[in-house]
Each structure stands twice: as structure tokens, then as C-alpha cells.
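Please open the model in a viewer and keep a selection panel at hand.

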Amino acid sequence: MRLHRNLVFAVIDTLNNVFNEGKYADKEISKALKRDKRWGSRDRSFIAETVYDIVRWKRLYAEIAEVKEPFSRPNLFRLFAVWATLKGIQLPDWKQLEDTPTRRIKGRFDELSKTRKFKESIPDWMDELGVKELGEQKWTREIAALNQMAPVVLRANSLKATPKKLRDSLFAESIEAHSLKKYPSAIELDERANVFSTEIFKEGLFEVQDASSQLVAPFLQVEPGMRVVDTCAGAGGKTLHLAAIMENKGQIIALDIYGNKLKELKRRAKRAGAHNIETREIDSTKVIKKLHNSADRVLIDAPCSGLGVLSRNPDAKWKLQPEFLDRIRNTQQEILSDYSKILKKGGKMVYATCSILPSENQGQVKSFLASEEGKGFSLEDEKIVLSHESGYDGFYMARLIKNS
């Protein structure tokens, strides 16, 4: 593989923004890919995958390169040289890459790979927390799985297409995909591709949604004609799935504290042909109070650490802090306590997170059931989805019934 200067420089600039300016990797990569219209799909893939790789393995590569944050430009080139050497790529004769100790890099890699926190490139506190919550063996397997690049999974929008129709339509645009046995609406791309530029995306035939995330809406057991409240709807991935399952019949009230996310949901709903969704911004406690005892189903897709989705958000390993986890657990308790009041007697509620930590999952449900607000509820079912077992994102979901 021959390295091209303009592509490597785009990688270095993007890494500088992510590591030194605290920007989000996905947004910076999107910006970088717009820099040169002449870049083809292979060039764009090189930039995106190289940046994600170096972000994912930052701790390991920095240790091998013997550099510390904040990274200077020569430091970033050293990280790149480590990446290229470990990939078996011949380094060009550029002054930024001269004197790269190729043999020493491989030796250091072998040596550091014997220690999990270096091998899996994670902060000490995260490694300790993972062991504490999941146990040594399970955590070792799980963090290794979360360091793999996430596959691209689509959900066929059943308001407009079957998985077969979607697969055939993609094939017509030279994109190959296969269906997934345990996920009735899902198809997975054989190779990464920019599906957002396809005509069928504009026509609303699918949404990009991980296979594990596609388990949540069916778990709520909604039926056409019901009144459903999605309390932390965000940009609406699961809201749209609920609308499809309900065949556009009944009412879905999508709530969120961020109005801009709900605007995006409206745009997506229009494209998907989902007409039974009403958005409401939570700008005061009145919004929730007005809905008390009114819904057949409530979905709480709670804010969380996001540790189950590290494979698609590798920079979260470096942005996440232990103090945030303490705060988010308190928020989860408050949300469960407040939003559970929306459910009417006999109704069902799902509490879900994209975390793998029992303290954000089973622990929160247990605390809620033992609280004053959770007195009339009982746990009907729960699903613990771990990445090393499923091959997809780590998720948790619990279905509760309001008995009184």
C-alpha cells in the first residue's frame, strides 16, 4: 500500500482536532472527507478508518511511541508511524517519518499486549470498573469485542419495504448485504459503504440502526392503536421503529429535553412516512405531569455511559470520566421515578440503555422497584446483550408492568 501525503496530512489534522481540541471523531471525520472533492471512496475510507483506528488504540500507540498528551504535530506523526508499522505498511521517505524504529515498535507491541489495559487501550479506571462489574473473564472478552469495528446494520422500514426488497434495492446500487436470522427487520452490509448517498435512503426505505438497538422497540410489545410515549426520543431511531411496528396507527408522543434532536426526528419521520408521531420538548415539569397515567406503553431509552457502543464511538473511551458515571446513575434514577408516572394501570414500560454495566442496568431496575414510585410495578422480562456474545452493540432492556 502506497501512502499519499494529502491523505496522511488529513488524518493528522483530524487527530489533532480530536485529541487536542476535544472534538468528536465522527464529526471531524465528516468534515475532513469534504476537504477534497477529488478523493474517491478508497481515499475516504483510508482517512476514516485510519483516524478511528488511531483513536481506538490511542493509549497503546502512545505508549509504544513514547509520547504524551497534548500531542505535538511530530507526536501525531509518531502515532501514525506506529499504526502504519503494525499494519505492515512501508513508510515513505518523508522527513516527518524519518528515523522510525520499526523493529522496536513491533517488540514494544508484543510486550505491552500482555497487559489488558494496554492491549485493549483503555484508561486504568475503566479497566478496574469493568472487572468490578463484570468479573475478570467476562470483562476481558467484552472489551476485546468492543474494540472491533462495528458492522453497518440497516433496519428495513416496514412502512415502505421488506428486508428482501431493501437488499435487492441496495444490490441495484452495487451494495451487497445479507439478512440476519435473529433480527427480522435487519440487514448487514458485506462491506462498508456510504448508504446515505443512495436514492433508497432519500426515499425512506431504511434507517441505519445496530442489530441490538433493533431489539428494543419489539420488546415494548406495542400494538397498532395504542398510545405510546417515548420519553428520551432523541433523533428518533427507536421512535421510528415503534411507528413501523404500529403500522402508523395509534399515537406516539416523542419527548426529549433537546429541541434540535426532535427537529431531526421530524425530518426523519417525514422521510420514513411515519405519520403517528407527535414531538414535545420537555421544557418544564408540566410536560410530564400532563401525561400522568395516560400511556399504554412507555419507553425509557435512558442516557447512559454508552460503554456498549464503544465499537462505533471509540473516542468515548477518552471522553468518559468516572464522575460522569456517578451523575448519570442519579439521572437514570430520577428519570425512572418521574417518567414511570406516565404509564397507566395495566400498561408496560421498558427501561433500556446502551451500557454493559449492571450498576446502570439491573441495579437501577432493582432500586426503582424498591422505591415508593416503583411499588406498583413488577419486572416481567429483561435482556442483557453483551457484544462478545452477540457480535453487535452491548445493550440492556427491562420490561416492567404497572399492576396498581
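Select Arg 399 and Asp 381 and display their side chains: the two form a salt bridge, with the closest N and O atoms 3.9 Å apart. A salt bridge here is a side-chain nitrogen of Lys or Arg within 4 Å of a carboxyl oxygen of Asp or Glu. Arg 399 belongs to strand 11 (residues 395-402) and Asp 381 to strand 10 (residues 377-385), so the pair ties together parts 18 residues apart in sequence. Arg 399 is buried at 6% relative accessible area, whereas Asp 381 is partly exposed at 34%. Buried denotes under 20% relative accessible area, exposed over 50%, and partly exposed the range in between (1.4 Å probe, protein chains only). Helices (H or I, at least four residues) and strands (E, at least two) are DSSP runs, numbered from the N terminus.

The model is predicted: local features require pLDDT of at least 70 and side-chain atom pairs count only at pLDDT 80 or more, while totals for chains, interfaces and linings use all residues. Residues are numbered from 1 along each chain as its sequence is written, and side-chain values use heavy atoms, with hydrogens and water left out.

Next, select Arg 271 and Glu 207, a salt bridge with its closest N and O atoms 3.3 Å apart. This pair links helix 14 (residues 259-272), which holds Arg 271, to strand 4 (residues 206-208), which holds Glu 207, across 64 residues. Glu 207 is buried, at 4% relative accessibility.

Then move to Arg 73 and Asp 13, whose side chains meet in a salt bridge (2.9 Å, N to O). Arg 73 lies in helix 5 (residues 73-86) and Asp 13 in helix 1 (residues 5-19), so parts 60 residues apart in sequence are tied together. Arg 73 is partly exposed at 37%, as is Asp 13 at 24%. In total, the count comes to 31 salt bridges.

Now select residues 237-245, helix 13: how many of its nine residues are buried? Seven are, namely Lys 238, Thr 239, Leu 240, His 241, Leu 242, Ala 243 and Ala 244. Just after this helix, Glu 247 takes a positive phi of about 55 degrees.

Buried residues make up 53% of its 404 residues.
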